[in-house]
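User: I have a model open and would like to go through it step by step. Could you help me read it?
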Amino acid sequence: MASTLHSFASAADLAGSLADTVADTLSAAIAARGAASIAVSGGSTPKAFFQALSTRDIAWDKVTITLVDERFVPADNARSNHLLVDANLLQDKAKAARFVPLYQPASSVAEAARLATEKSAEIGIPFDVVILGMGGDGHTASFFPGGSNLARALDASTPRSVITMEAQGAGEPRLTFTFSSLQDAALLVLHIEGEGKKDVLAKAEGSGDEAEMPIRAVLRRATSPVEIYWAP
Ligand SMILES: O=C1O[C@H](COP(=O)(O)O)[C@@H](O)[C@H](O)[C@H]1O
């Protein structure tokens, strides 16, 4: 499916515009079905966008928020994506939203993935909004180059679910929605910032193996158009 690049003069401009677009999409879903769902990424990029979105005037009590991926760490860990969402998105008007975490206090990451799949089974079929990020190595969600479960994560026939991922560049074991869970969102966004990420994107858009730069799976095979939001 085609992708469209939306470039902004600053990260603040991007955050405001993306927040407006996401709020409109969530409001349209609420008007149509009485509920809306959004899966967001962690990392360093989405903070300003989260803060902008949390102020938008929508029926947040009808919105379910979850994560595209998470580290196998509890929510009070500084590296938790849940903590980032708590501090920046589940604030202001968005305090009324329901949050479904991927981390589960289980004895193994595999058991946590099973529980997260169960708890998220009724949301996101498809998601109304998915916000992806991208690492400098071309990973998105927790689809890491060399990841232990990468082939399964990227296989379009792998059912919608949360699976485990371990990889050298990933730090802790990860929990991640599969490609099939994310690729058909009504609004599918890739949010990246900085010249370095623009170069990584250009490389990913070239030829080469998906396993080398897993973001390629999204750029090449997502059934929804990919809206790329970029600022310097
Ligand atoms: O590990 C992760 O990294 C990516 C990108 O993060 P960034 O800090 O370069 O913005 C993120 O999209 C993903 O959710 C996160 O778990």
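**Helices, sheet and ligand**

Analyst: Helix 3 (residues 81–88) lies across strand 2 (36–40), strand 3 (63–67) and strand 5, running at about 140° to strand 3. Helices (H or I, at least four residues) and strands (E, at least two) are DSSP runs numbered from the N terminus, contact means C-beta atoms, placed from the backbone, within 7 Å, and angles run from 0 to 180 degrees between N-to-C directions of axes fitted to C-alpha atoms, for helices over the stretch in contact. This is a predicted model, where local features need pLDDT of at least 70 and side-chain atom pairs count only at pLDDT 80 or more, while totals for chains, interfaces and linings use all residues. Residues are numbered from 1 along each chain as its sequence is written.

User: What order do the strands of the open sheet have?

Analyst: The seven strands of this open sheet follow the order 1-10-9-6-2-3-5, with parallel pairing, where a pair needs at least two DSSP bridges. Strand 1 (3–7) and strand 5 (98–100) stand at the edges with a single partner strand each, so one side of each has no neighbour in the sheet. From one strand to the next, the twist averages 20°.

User: And how many bridges join strand 9 to strand 10?

Analyst: Six bridges join strand 9 (residues 187–193) to strand 10 (residues 226–231), and the two run parallel. Histidine 191 stands opposite tyrosine 229 in strand 10.

User: Switching topic, which residues surround the ligand?

Analyst: Among them are Ser41, Thr45, Asp69, Asn81 and Met134, each having its C-beta atom, placed from the backbone, within 6 Å of the ligand.

Notes: Two residues are in contact if their C-beta atoms, placed from the backbone, lie within 7 Å.
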